[in-house]
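Please look over the model below before reading my comments. They are set out as numbered points.

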Amino acid sequence: MKSTGKPAWFLLLCALCLPLVGCGGAPTDQPDLGTVTGTVTMNGQPLTDVMVVFSPENGRSSMGVTDAEGNYELEYVGDTKGAKIGQHKVSITTAQTDSSEESGGEESEAPAKETIPPMYNSKTTLTEEVKPGENIINFTLSTE
């Protein structure tokens, strides 16, 4: 009986492809990051479920959502925490959720109204610098 050689081909192909798979770690082209945490308040009260987005001049933005106490932590990509080192434009906005999933697939009547003033999101005036290491950046917003 003649062997077709398929098992050897398969093993060779697997051996060649293995280096391409990786170990699920951080991308090799990822920039240097600093961790960023903080608190967001409006008129002295913590803001819950708002999105905090740090956008560098070049590169990927980082974002986080505040908890019940107004605390946030930025994520760069996937489970990688932090933001690119350098200057960022910051936007703080009401986190939009897909209410169609929550309402059993029905479309919502209207999108949620933005409750945070435009100077903090669509016309943001906020900028921050992310430095290497840990960064604690709090935002004290006002409706006045």
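1. The protein chain has an average pLDDT of 80, and 69% of the residues reach at least 70.

2. Two stretches call for caution. Over residues 3-26 pLDDT stays under 50, and the model has 0 contacts there beyond four places in sequence. Residues 99-103 also stay under 50, with 5 contacts beyond four places in sequence. Where pLDDT is low, the predicted coordinates should not be read in detail.

3. Strand β3 (residues 50-56) runs antiparallel to β4, and 4 bridges join the two. The pair forms a hairpin with 5 residues between the strands. In the turn, G59 has a positive phi of about 110 degrees. For V52, the bridge partner in β4 is G64.

4. Which residues of β4 (residues 62-65) are buried? S62 and G64, which point to one face, are buried.

5. T124 lies in the loop between α2 (99-102) and β10 (126-130). T124 counts as buried because its relative accessibility is 17%, and the cut-off for buried is under 20%.

6. What does the side chain of T124 reach at 2.5 Å? The backbone oxygen of V90 lies at that distance from the T124 side chain. Leaving out residues up to four places away in sequence, T124 touches K89, V90, S91, P118 and M119.

Technical notes: Residues numbered from 1 in each chain as written. Heavy atoms only, no water. Buried < 20%, exposed > 50% of the residue type's maximum accessible area, 1.4 Å probe, protein only. Pairing = 2+ DSSP bridges. Polar contact = N/O pair within 3.5 Å; in protein donor to acceptor, adjacent residues only side chain to side chain. Contact = heavy atoms within 4.5 Å. pLDDT = per-residue confidence, 0-100.
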